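Here are my notes on the model you sent over. Have it open in a viewer while you read.

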Amino acid sequence: MKITIEDLKNVSFFDDYTDDQLKIFIEISSIKEFKVKDVLFEQYDELKEIYVLLSGCLSLGISIANEKRIRLGTLEVGHLFSWSAVFSPYISTAWVIASCPTKVLAIDAKKLNDEFDKNCAFGFKTMSKIAQTISHRLSDTRFQLMNQLTI
Amino acid sequence: MPDNKNIYKPIRARLNDVIEESPSIKTFVLIPEDKFSFKTGQFIELSVDGIGEAPFTPSSSPLITEKLEVTVMKTGYVTEYMHMLKPGVFMGIRGPYGSGYPVETFFGKEVLILGGGCGLAPIRSLLYTLESIKEKLEKVILCYGSKTPSDCIYKPLFDRLNNTEKFEAYRTVDKADEEWNGAVGVATMLLNNIKINIKNSVAVVCGPPVMMKFGTIRLLEMGYRDDQIYLSMEKNMSCGLGKCGHCMMGEYFVCRDGPVFTYKEIKHNPEIWK
């Protein structure tokens, strides 16, 4: 399935990118589809792709010692996940499972890192967006923790 | 100030109905015996003879003066007793007190409301008010989080708002059950996906202190100025008159000068999130 620049312009993660920058994403990405209960990746999996949710619904969570899954939250359309794929040691910190039929943009993380080296402005913009995603996730986790501590 | 002359004397109000909103939250529908009106965001002292009184912000529309709805979470001695009350008994109302929401300053703007838990009670009253003046507003977005799906109060409100022109309502839960297929996560997560013109908007935050803190931080990150954020600081209010000092927060008495403040007014106070 082909994705176009116009398709990406409708996805919130790609706000602020130029057409040339969107072309880079298209060249190193593919669309992947998942059925209900499909596991996109498990906690501690080595990640090679960074994803942007295009449609559908995904749950994100962690597993505890007895393999019990704890759902921490859902992911919203237009948002990025599996950011561990661009940071060493490239190991996922959570699992992600489809809770309805889902379509994601899968970006090759190695090729994305190579593009960062070639095009620093593109790299800075993308890493800033990834950092913002991580910052929000961390803030939400603190909020969840405080909620638990104040019960 | 209250309409009645003796500021300590409550108005009698008959409990007309009790609506169970969640396992720990009930809405009390009261019919005051005397004329009673309030401005959205103002609070009242609701009393039970021989038991005590506690402060609550009405959850009903200020435009309806013949009845008053108060949503009460079971948290202590007085509220536990209230939860046992049946329709037909009489309760006492003092007030209204405080400043309420400055809705006139919302005209021509987009209004973002972030609520959590029982904080939806004062927000519902605000929403009724905003619905009545919607032609003067650009847009109203409600983002609300509850601990579980069963803890979510006023469930029909969300569908109604989503079917109302200029209104959008989103819900999330901290912990889902088997039947829940909506968003899971804290209320601030809902802010990631909304479309709002921050420069021409105001934000209202009401909920538990933890949510107020993280909600305000996220709003500031989004680009809201501290004078665009309204916080409903409903804490430790007792006399309602700025006399007893229970609700002192720096130079302010929350009951007299609030309970609604802009973040700019109170951000320097170390007690703000306690």
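1. Ground rules. This is a predicted model, so to speak of local features I need pLDDT of at least 70, side-chain atom pairs count only at pLDDT 80 or more, and totals for chains, interfaces and linings use all residues. Residues are numbered from 1 along each chain as its sequence is written, while chains are lettered from A and ligands numbered from 1 in the order in which they are written.

2. Domains of chain B. The domain assignment gives domain 1 (11-96) and domain 2 (103-232); such bounds come from an automatic or database domain assignment. Their centres, taken over C-alpha atoms, are 24 Å apart. Domain 1 puts 15 residues into the contact and domain 2 puts in 16, where contact is C-beta atoms, placed from the backbone, within 7 Å. On the domain 1 side, β1 (11-22) and β5 (68-73) of chain B are the elements that give two or more residues. Helices (H or I, at least four residues) and strands (E, at least two) are DSSP runs, numbered from the N terminus. That domain 1 side splits into six nonpolar, eight polar and one charged. Here Ala, Val, Leu, Ile, Met, Phe, Trp, Tyr, Cys and Pro are nonpolar, Asp, Glu, Lys and Arg are charged, and the others, Gly among them, are polar.

3. The cores. The largest nonpolar core has 82 residues, and B:Ile93, B:Ile113, B:Leu142, B:Cys143, B:Ala203 and B:Val204 touch the most other members. A core means buried Ala, Val, Leu, Ile, Met, Phe, Trp, Tyr and Cys residues joined through C-beta atoms within 7 Å. Helix α2 (residues 120-132) of chain B gives the largest share, six residues, and domain 1 and domain 2 of chain B each provide at least three. Apart from it lies another core, of 29 residues, A:Leu40, A:Leu54, A:Leu58 and A:Val96 among them.

4. Strand β11(B). Six of the six residues of this strand (201-206) are buried, so it is largely enclosed by the rest of the structure. Buried means 20 or more other C-beta atoms within 10 Å of a residue's own, exposed 12 or fewer, and partly exposed in between, with C-beta atoms placed from the backbone. B:Ser201, B:Ala203 and B:Val205 cover one side, with B:Val202, B:Val204 and B:Cys206 on the other. B:Val204 touches B:Tyr101, B:Val111, B:Ile113, B:Leu126 and B:Tyr230, leaving out residues up to four places away in sequence.

5. Neighbours of β11(B). Strands pair if DSSP finds at least two bridges between them. β7 (110-116) of chain B pairs with β11(B) in the parallel sense over six bridges, and B:Leu114 stands opposite B:Val205. β12 (229-232) of chain B also runs parallel to β11(B), joined by three bridges, with B:Leu231 opposite B:Val205.

6. Chain contact. 14 residues of chain B are in contact with 16 of chain A. α4(B) supplies the largest share of the chain B side, four residues. The make-up of that side is eight nonpolar, four polar and two charged.

7. A loop residue in chain A. Where is A:Phe14 found? The loop between α1 (5-9) and α2 (19-27) of chain A holds A:Phe14. A:Phe14 is partly exposed, with 19 other C-beta atoms within 10 Å. Leaving aside neighbours within four places in sequence, A:Phe14 is in contact with A:Leu8, A:Lys9 and A:Leu22.

Methods: Contact = placed C-beta atoms within 7 Å.
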